[in-house]
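Hi,

Here is the structure I said I would pass on. Have a look at it first, and my notes on domains, pockets, cavities and salt bridges follow below.

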Amino acid sequence: MKANYGYKDGSGEYFITVDTDLCDGCGKCVDTCPEGVLEVVENELDPLAEELVARVTEEHRKKIKYSCAPCKPTGESRELPCVQACEPRALTHSW
Amino acid sequence: MTSTESIEYWRWTESRWTNPDLDWKDADIITAGIDVGSVSTQAVVMVDGNLYCYSNMRTGSDSPDSANRAINWALEDTGLTLNKIEYAVGTGYGRVNVPFAKRAITEIACHARGANYMYGPTIRTVLDMGGQDCKAIRCDQRGKVTAFLMNDKCAAGTGRGMEVFADLLQVHINDVGQMSLVDDEPEPVSSTCVVFAKSEAVGLLRKGWSKERVLAAYCAAMAHRVVTLLERLGVENDFAITGGIAKNIGVVSRIEKELEITAPEPNVDPQLAGAIGGALFGKALVEKARKKAG
């Protein structure tokens, strides 16, 4: 499942997408995020499953533009730390 | 002279229903789903996965109280009592505040599951247009979520906005959709933000626009807004709309026109989708627990 967390406003689209079919709940993204945007919990969108998956915390969902700003590439483009840390390549973002 | 102050145009009708063909006494598994939304609360009781009774009422300022009132009204005159319900699931905005619920499940999962029950297993895209937000959901043939997207940060272009417009134009909320179907479709209002759209509408009325055209402009703006949301996620047939706005033909027909697809007519109140999904998850969780216990 592709879980999109974030929003769109006049200045652009700010979504972090977790592909829960790929995510193995290892939590490396959680450790690498300097702002504490991510967490690993039971998959709330599939109440019958018991596997753990990553998601964006409730607190950050409506301010991703600002929460994720410190990791935005300034010069040459590079992957975000959370995306780099994710071995199964389950994390993507819209910017 | 009569004052118009006492008329509340936004006030939609609360309802309850019992299925005359079912008897809970024969049932193996009785479950309930309580959807405490920002504007409305629904309580649904299902016996062996079939809809038995429901209530649909306004959410008060106190979520636990709203949940209790809704379930008590649903159970009224059925002879069924709360202690006979094996598993109750809370969902919606106030899901953690349902006192008698064994578990809270996000409304995204519940709406997909509920739409699958209401419209059949061919549904792949569900648009839930609630009182305070809207969500685009993709699901599989079992009603399991495969992708989802929430709307922006505010309540623009949702049920509450429609209530504000009903009040402003002094048109009963039930009539808004039908009234907005005008022959000369105007440009949509430029903002769906309730506050900005309201002042824009006041301006249009002063310019001499009819109520019908103002409603058309607002319904069109709302439809356009959710269409952009759906397009980001991708729409796959069949497509269904749940939530209170599904009853507004003005918005529904404009969404259908923009997407060039038709949403099926609901056979039960589309506001119930979340609560139905909750009750069905309740049944699945009971079955899972029984299987484990052997």
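Let's start with the domains: chain B is assigned domain 1 (15–115 + 272–293) and domain 2 (121–266), with bounds that come from an automatic or database domain assignment. Their centres, taken over C-alpha atoms, are 27 Å apart. Domain 1 of chain B puts 12 residues into the contact and domain 2 of chain B puts in 17, where contact means heavy atoms within 4.5 Å.

Some housekeeping before the rest. This is a predicted model, so local features need pLDDT of at least 70 and side-chain atom pairs count only at pLDDT 80 or more, while totals for chains, interfaces and linings use all residues. Residues are numbered from 1 along each chain as its sequence is written, chains are lettered from A and ligands numbered from 1 in the order in which they are written, and side-chain values use heavy atoms, with hydrogens and water left out.

**Pockets**

You will want the rules for these. Everything is done on a 1 Å grid over the protein atoms alone: a pocket is an open set of points with protein on both sides within 12 Å along at least five of seven lines, a cavity is a set where a 1.4 Å probe fits but cannot get out, and lining residues have an atom within 4 Å of a point. Points are joined across faces, edges and corners, and a volume is the space filled by probe spheres set on the points.

The largest pocket comes out at about 680 Å³. Both domain 1 and domain 2 of chain B give residues to its lining, so this pocket lies between them. There are 37 lining residues, and S40(B), G243(B), G244(B), I245(B) and Q271(B) lie nearest the centre. In chain B, β2 (30–36), β3 (40–47), α2 (107–119), α3 (159–169) and α4 (176–179) supply at least two residues each; helices (H or I, at least four residues) and strands (E, at least two) are DSSP runs numbered from the N terminus. The largest share, 4 residues, is from α3(B). By class, the lining has 8 nonpolar, 20 polar and 9 charged residues. For these classes, Ala, Val, Leu, Ile, Met, Phe, Trp, Tyr, Cys and Pro are nonpolar, Asp, Glu, Lys and Arg are charged, and the others, Gly among them, are polar.

The second largest pocket has about 560 Å³ of space and a lining of 26 residues, with E58(A), R61(A), K62(A), D133(B) and M150(B) nearest its centre. Two or more lining residues come from each of β1 (2–9) of chain A and α2 and β9 (145–150) of chain B. The largest share here, 4 residues, belongs to β1(A). The lining splits into 11 nonpolar, 5 polar and 10 charged residues. Again, domain 1 and domain 2 of chain B both contribute to the lining, so the second largest pocket lies between them.

**Salt bridges**

What about charged pairs? Over all chains there are 28 salt bridges, each being a side-chain nitrogen of Lys or Arg within 4 Å of a carboxyl oxygen of Asp or Glu. E39(A), E44(A), R55(A), E58(A) and R61(A) are linked in a network of them. E44(A) is in the loop between β3 (38–42) and β4 (52–56) of chain A and R61(A) in the loop between β4 and α2 (64–67), so the pair ties together parts 17 residues apart in sequence. R61(A) counts as buried at 18% relative accessibility, and E44(A) as partly exposed at 23% (buried is under 20% relative accessible area, exposed over 50%, partly exposed in between, with a 1.4 Å probe and protein chains only).

D46(A) and K144(B) form another salt bridge, with 3.3 Å between the closest N and O atoms. D46(A) is buried at 12%, while K144(B) is partly exposed at 33%. In chain B, D128(B) bridges to K135(B) at 3.4 Å, and both residues are buried.

**Cavities**

How many cavities of 30 Å³ or more are there? The count is 3. The largest has a volume of about 110 Å³, and its lining includes C33(A), C68(A), C71(A) and C82(A). That lining has 10 nonpolar, 1 polar and 1 charged residues. The second largest cavity is about 80 Å³, with C23(A), C26(A), C29(A) and C86(A) among its lining residues.

Cheers
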